[in-house]
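Please walk through this fold one piece at a time. Keep the sequence and the structure side by side as you read.

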Amino acid sequence: MSVSDIKKTAEAKMARSVEAFKSELQKIRTGRAHPGILDQVHVEYYGSMVPISQVANVSLLDARTISVQPWEKAMAAKIEKAIRESDLGLNPASQGDLLRVPMPALTEERRRDLTKVVRSEGEDARIAVRNLRRDANDHAKKLLKDKLVTEDEERRLQDDVQKLTDRTIAEIDKLVHGKEAEIMAV
């Protein structure tokens, strides 16, 4: 593995960590409706558990209401039950073959709890990035030990990895602050 390979690998893995963190943030609900909230809810479909988005059209009716339109009428009751039994605290209402899922307003206490969850997820993402930095630095030290790079090249690589880590952690912090502001503003 060369110096450029180590840099590229670290950069790609850190970018994936940020993307994973963004998808985790989308699952944390605010007072506004978001179709992605139902991504984690699975329903039984011909013997296998599948996400709701694979058996129904999930969209927004307005800022606080999600509509779920099953592709098969028989699935409506199963989808309604799956949403109700999920840990999201949502209560769907059936209107013929359309399910309306209103988003309840957040209490102040629940908002504070959600900001704690966001901070925790942010810290997990930061830890993942720091672990990637450690792995890259270990590879650099191994290259030095095997006399494949000079001490200056190893030091330069570690500095580049540290700068990449700092940028990535700053991006994570920005996402955390943005999500906290979104939760508290609603």
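Predicted model: local features only at pLDDT ≥ 70, side-chain atom pairs only at ≥ 80, totals over all residues.

Start with a pair of strands: S3 and S4 (residues 65-70) pair in the antiparallel sense over six bridges. Helices (H or I, at least four residues) and strands (E, at least two) are DSSP runs, numbered from the N terminus. Two strands pair if DSSP finds at least two bridges between them.

Residues are numbered from 1 along each chain as its sequence is written, and side-chain values use heavy atoms, with hydrogens and water left out.

Now widen the view to the sheet. Strands of a sheet pair through backbone hydrogen bonds, either parallel or antiparallel. Here four strands form an open sheet in the order S3-S4-S6-S5, with antiparallel pairing. Strand S3 (56-62) and strand S5 (93-95) are the edges, each pairing on one side only. Neighbouring strands are turned by 25° against each other on average, direction ignored. Axes are lines fitted to C-alpha atoms, for helices over the stretch in contact, and angles run from 0 to 180 degrees between N-to-C directions.

Helix H2 (residues 75-85) packs on this sheet. H2 touches S3, S4, S5 and strand S6 (98-102), and its direction makes about 145° with that of S4. Contact means heavy atoms within 4.5 Å.

S4 and S6 run antiparallel and are joined by four bridges. In this pairing, Ser-67 stands opposite Arg-100 in S6. S5 and S6 also run antiparallel, joined by three bridges. Arg-100 in S6 is the bridge partner of Ala-93. S5 and S6 form a hairpin with two residues between them. In its turn, Gly-96 has a positive phi of about 70°.

Which helix holds Glu-80? Glu-80 lies in helix H2. Glu-80 is buried, with a relative accessible area of 17%. Buried means under 20% relative accessible area, exposed over 50%, partly exposed in between (1.4 Å probe, protein chains only). Not counting residues up to four places away in sequence, Glu-80 touches Pro-92, Ser-94 and Leu-99. Arg-134 is 54 residues away along the chain, and the two C-alpha atoms are separated by 46 Å.

An α-helix has 3.6 residues a turn, so residues three or four places apart point the same way. The buried residues of H1 are Ile-6, Ala-10, Met-14, Ser-17, Val-18, Phe-21 and Leu-25. They pack against helix H3 (108-145) and helix H4 (151-185).

How do these three helices run? The axes of H1 and H4 are 10 Å apart, at an angle of about 10°. That makes H1 roughly parallel to H4. Angles under 35 degrees count as roughly parallel, over 145 as roughly antiparallel, 65 to 115 as roughly perpendicular and the rest as oblique. By class, the contact of H1 with H4 has 12 nonpolar, two polar and six charged residues. Ala, Val, Leu, Ile, Met, Phe, Trp, Tyr, Cys and Pro count as nonpolar, Asp, Glu, Lys and Arg as charged, and the others, Gly among them, as polar.

H1 and H3 cross at roughly 170°, and their axes come within 10 Å. H1 and H3 are therefore roughly antiparallel. Their contact has 14 nonpolar, three polar and four charged residues. H3 and H4 also pack at about 170°, with axes 10 Å apart. This pair, too, is therefore roughly antiparallel. The contact of H3 with H4 has 15 nonpolar, seven polar and 12 charged residues.

Finish with two loops. Lys-147 is found between H3 and H4. Its phi is near 60°, a positive value in a residue other than glycine. At 74% relative accessibility, Lys-147 counts as exposed. Tyr-46 is found in the loop between strand S1 (42-45) and strand S2 (48-51). Tyr-46 has a positive phi of about 50° although it is not a glycine. Tyr-46 counts as exposed, at 67% relative accessibility.
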